[in-house]
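Dear colleague,

Please find the structure below, together with its sequence. My notes on the ligand surroundings and on the helix packing follow it.

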Amino acid sequence: MATPASLLKLIEDGVIDRVLSPLKSGKEADMYVVAKDDVAYAAKVYKKREQRSFRNNAAYRDGRSVRNTRSARAMEKGTRFGKQVAEDAWQKAEAEALRSLHSAGVRVPQVYAHHEGVLVMELIVDALGRPAPQLAQVKPTAAEADALYDQLLGQVVLMLMNDVVHGDFSPYNVLVSAEGPVVIDLPQVVSASHNLKACVLVERDVQSVARYLGIYSPTVRRLSREAWQIWHQHEKGTLVPEFRPAPPPEPPPPDPAVVAAQRALADAGPGEVMDLVREARRERDGPRGRGRGGRGRGEEARRDEPPAGRPRPAA
Ligand SMILES: Nc1ncnc2c1ncn2[C@@H]1O[C@H](COP(=O)(O)OP(=O)(O)O)[C@@H](O)[C@H]1O
Ligand SMILES: [Mg+2]
């Protein structure tokens, strides 16, 4: 991969010393490992608007304001200048969100510089110092999945307490570092208080990681049904960093009669199953089909052949 012009510009301007290696080519950006003063950083080089996917769309723009009215008008009209303004706002949103969330204690990479359309940030690494894997590449044990889910809910809660909804939270946008999960990729963040769909986006965010972790843990599958409580607490104004949704009520214990019947059916050979069904019907309906639709039913019951090997009832 040839070094993009924007990274050469960063070297020229002394922001970084050199490019160490390409890291990943994503949907919205190309990632590189770069170095400054012998420290490695991740550099996110945003793709040109035309090469990008759908994400800069209305659902996310809702509630984002551009202060300058000339810019706002141009954005609305979709002029070339307007598109450039939208593009700058998109990139700036990620750097700003990372900065404010990092200082609020959310586990996101620390920003080092945002220069010439390149975001230079802390390189998230695994225990061996290699770039950390995406959550989607990790196969956790059930206990690890439970811990990851709990830690990630904690991040969603903290973000919400800072009026931020990620909007594209997924197993691809969480890196698993040696110290735990780190949230990345935030250009599409929305304001919880200004975006009308924020409530839906929070739920979708949580379910996106719950679906993945739920593959490994039934507890996550169960707990994730109650994720709505996070927004509920937020709306009541009672959300605190430690808040976790209460687990759903345990299902009632199974009816012992049903369990016994299931066991009998499981033990029965193929021929005996119908016997058991007939016996159960007779027990339920009585010899004349009482309690199950009167005469018609009773006649039908009488037509039933008695099970093989049992005496015919006297006429
Ligand atoms: N700070 C970082 N440290 C290590 N790897 C990173 C970092 N930021 C991004 N990556 C890697 O690059 C990939 C793409 O980055 P991301 O911000 O998600 O961009 P995209 O919008 O293209 O998905 C990530 O999935 C991750 O593997
Ligand atoms: Mg991504």
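Strand 1 (18-25), strand 2 (29-36), strand 3 (39-46) and strand 5 (118-122) each contribute at least two residues to the shell around ligand 1. Please bear in mind that this is a predicted model. Both domains take part in the shell, with at least three residues drawn from domain 1 (5-122) and at least three from domain 2 (135-236). There are 22 residues around ligand 1, and those that come nearest are Gly-26, Glu-28, Ala-42, Ile-124 and Asp-185. In terms of class, 13 residues of this shell are nonpolar, three are polar and six are charged.

How do the axes of helix 5 (residues 142-161) and helix 6 (residues 198-214) cross? They come within 10 Å of each other and cross at roughly 170°. Since an angle over 145 degrees counts as roughly antiparallel, helix 5 is therefore roughly antiparallel to helix 6. The crossing of helix 5 past helix 6 is right-handed. On the side of helix 5, the contact is formed by Ala-145, Leu-148, Tyr-149, Leu-152, Leu-153, Val-156 and Leu-160, which meet Val-202, Asp-205, Val-206, Val-209, Ala-210 and Leu-213 of helix 6. This contact of helix 5 with helix 6 comprises 12 nonpolar residues, no polar residues and one charged residue.

Helix 6 also packs with helix 8 (residues 228-236), at an angle of about 145° and with the axes 9 Å apart. Here too the crossing is right-handed, helix 6 passing helix 8. The residues that meet are Cys-199, Val-202 and Glu-203 from helix 6 and Trp-228, Ile-230 and Trp-231 from helix 8. Five residues of the contact between helix 6 and helix 8 are nonpolar, none is polar and one is charged.

The remaining pair to report is helix 3 with helix 4.

The axes of helix 3 (residues 69-77) and helix 4 (residues 80-103) come within 7 Å and cross at roughly 105°. Helix 3 is therefore roughly perpendicular to helix 4, as angles of 65 to 115 degrees are counted in that way. Ser-71, Ala-74, Met-75 and Lys-77 of helix 3 meet Phe-81, Gly-82, Val-85 and Ala-86 of helix 4. By class, the contact of helix 3 with helix 4 holds five nonpolar, two polar and one charged residues.

With kind regards

Notes. Residues numbered from 1 in each chain as written. Chains lettered and ligands numbered in written order. Predicted model: local features only at pLDDT ≥ 70, side-chain atom pairs only at ≥ 80, totals over all residues. Near = placed C-beta within 6 Å. Helix = DSSP H or I, 4+ residues; strand = E, 2+ residues; numbered from the N terminus. Nonpolar A, V, L, I, M, F, W, Y, C, P; charged D, E, K, R; others polar. Domains from an automatic or database assignment. Axes fitted to C-alpha atoms, helices over the stretch in contact; angles between N-to-C directions. Parallel < 35°, antiparallel > 145°, perpendicular 65-115°, else oblique. Left-handed = near helix turned anticlockwise from the far one by under 90°. Contact = placed C-beta atoms within 7 Å.
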